[in-house]
Amino acid sequence: MEDFEFECWNCWETNVIAGRPKGFWTTTHYELPGEWNCWSCDASNSTPDD
């Protein structure tokens, strides 16, 4: 698991999202959830594509 930080569009708080490796041996490609809720304001956010 690798942690990624994203800012909420609504309150600009930093959220830490856990990513899972896409393959058994990979350390550079991770799967992230498409949507997540902010821990602070509970606003729905989407994960950027890049």
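How many bridges join strand β1 to strand β2, and do the two run parallel or antiparallel? In this predicted model, six bridges link β1, residues 2–7, with β2, residues 14–21, and the two strands run antiparallel. One place to look is E7, whose bridge partner in β2 is T14. Between the strands of this hairpin lie six residues, and W12 takes a positive phi near 65 degrees there.

Of the 50 residues in the chain, 20% count as buried. The chain exposes about 4100 Å², and carbon and sulfur atoms supply 48% of that area. Among contacts between residues at least 6 apart in sequence, 31% join residues at least 24 apart.

Strand β2 also pairs with β3, a strand made up of residues 30–31. Here two bridges connect the strands, again in the antiparallel sense.

A search of the whole structure finds two aromatic pairs. In one of them, the ring centres of F4 and Y30 are 5.6 Å apart and the planes meet at 65 degrees, so the pair is edge-to-face; the cut-off for that class is over 60 degrees. Because F4 belongs to strand β1 and Y30 to strand β3, this pair ties together parts that are 26 residues apart in sequence. F4 itself counts as partly exposed, because its relative accessibility is 25% and buried residues must fall under 20%.

Most residues other than glycine have a negative phi. W12, however, has a positive phi of about 65 degrees although it is not a glycine. W12 sits in the loop between β1 and β2, and with 58% relative accessibility it counts as exposed. D42 likewise has a positive phi of about 65 degrees without being a glycine. The setting of D42 is the loop between β4 (35–37) and β5 (44–46). D42 is exposed too, with a relative accessible area of 54%, the cut-off for this class being over 50%.

Note on methods
Residues are numbered from 1 along each chain as its sequence is written. This is a predicted model: local features need pLDDT of at least 70, side-chain atom pairs count only at pLDDT 80 or more; totals for chains, interfaces and linings use all residues. Side-chain values use heavy atoms; hydrogens and water are left out. Buried means under 20% relative accessible area, exposed over 50%, partly exposed in between (1.4 Å probe, protein chains only). Contact means heavy atoms within 4.5 Å. Accessible areas come from the Shrake-Rupley method with a 1.4 Å probe; for residues, only the protein chains shown count as cover. Two strands pair if DSSP finds at least two bridges between them. Helices (H or I, at least four residues) and strands (E, at least two) are DSSP runs, numbered from the N terminus. Rings of Phe, Tyr and Trp (its six-membered ring) pair if their centres lie within 6.5 Å; planes under 30 degrees apart count as stacked, over 60 as edge-to-face and the rest as tilted.
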